[in-house]
Amino acid sequence: MKKIYSFEPWFFIFFGVFHLHRIWALFDRVSYALFWINTMEEKGLFYFLLMGILSVFCILGIVVFFKNLGQNFWWRWIYLFGGSYLFFDLFAIATGLSFWRNLLYAMFDVSAWY
């Protein structure tokens with residue numbers, strides 16, 4: 001019997017609400033880009049709090065995915081792929097991987113043609 005764990009709705013609610021921040025970019029791209037670049041560079045309390053919450057949800061999701069291997073709901077693949085991406089992103093930012101840093105700066109370059 002497939003089971004939905006109590007944290008799973010909160011996982012999707014949190015990630016959904018978190019991604020609403022992108023609406024800000026539609027109205028003020030410059031301050032949006034500056035905020036996220038500064039957050040990434042400074043690695044202050046907000047950064048660690050946000051990354052901690054995201055990491056805990058991803059760890060829980062990955063554990064649930066493997067615990068229920070063979071009887072997962074189709075959407076639990078999000079835990080595996082999204083969690084893997086998040087942990088790679090955190091690793092790349094923490095270690096200062098140059099190609100990832102260049103990609104992030106290009107992504108937030110509001111003066112670029114794209």
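Valine 17 counts as exposed because its relative accessibility is 52% (buried is under 20% relative accessible area, exposed over 50% and partly exposed in between, with a 1.4 Å probe and protein chains only). The model is a predicted one, in which local features need pLDDT of at least 70 and side-chain atom pairs pLDDT 80 or more, while totals for chains, interfaces and linings use all residues. Residues are numbered from 1 along each chain as its sequence is written, and side-chain values use heavy atoms, without hydrogens and water.

Valine 17 lies in helix 1 (helices are DSSP runs of H or I with at least four residues, numbered from the N terminus). On the surface, Val17 forms a nonpolar patch with Trp10, Ile13, Leu20, Ile23, Leu26 and Phe27, together about 830 Å² of accessible area (Shrake-Rupley method, 1.4 Å probe; patch residues have over 30% relative accessible area and no salt bridge, with nonpolar side chains joined within 5 Å; a salt bridge is a side-chain nitrogen of Lys or Arg within 4 Å of a carboxyl oxygen of Asp or Glu). At least two residues of the patch come from each of helix 1 and helix 2 (22–27).

Aromatic pairs (ring centres of Phe, Tyr or Trp, the latter by its six-membered ring, within 6.5 Å; planes under 30 degrees apart are stacked, over 60 edge-to-face, the rest tilted) number 29. The pair of phenylalanine 18 and tryptophan 36 is edge-to-face, since the centres are 6.2 Å apart and the planes at 85 degrees. Phenylalanine 18 belongs to helix 1 and tryptophan 36 to helix 3, so this pair ties together parts 18 residues apart in sequence. Both residues, phenylalanine 18 and tryptophan 36, are buried.

Definitions and conventions. Patches are made of residues with over 30% relative accessible area and no salt bridge: like charges are joined within 9 Å, nonpolar side chains (Val, Leu, Ile, Met, Phe, Trp, Tyr) within 5 Å.
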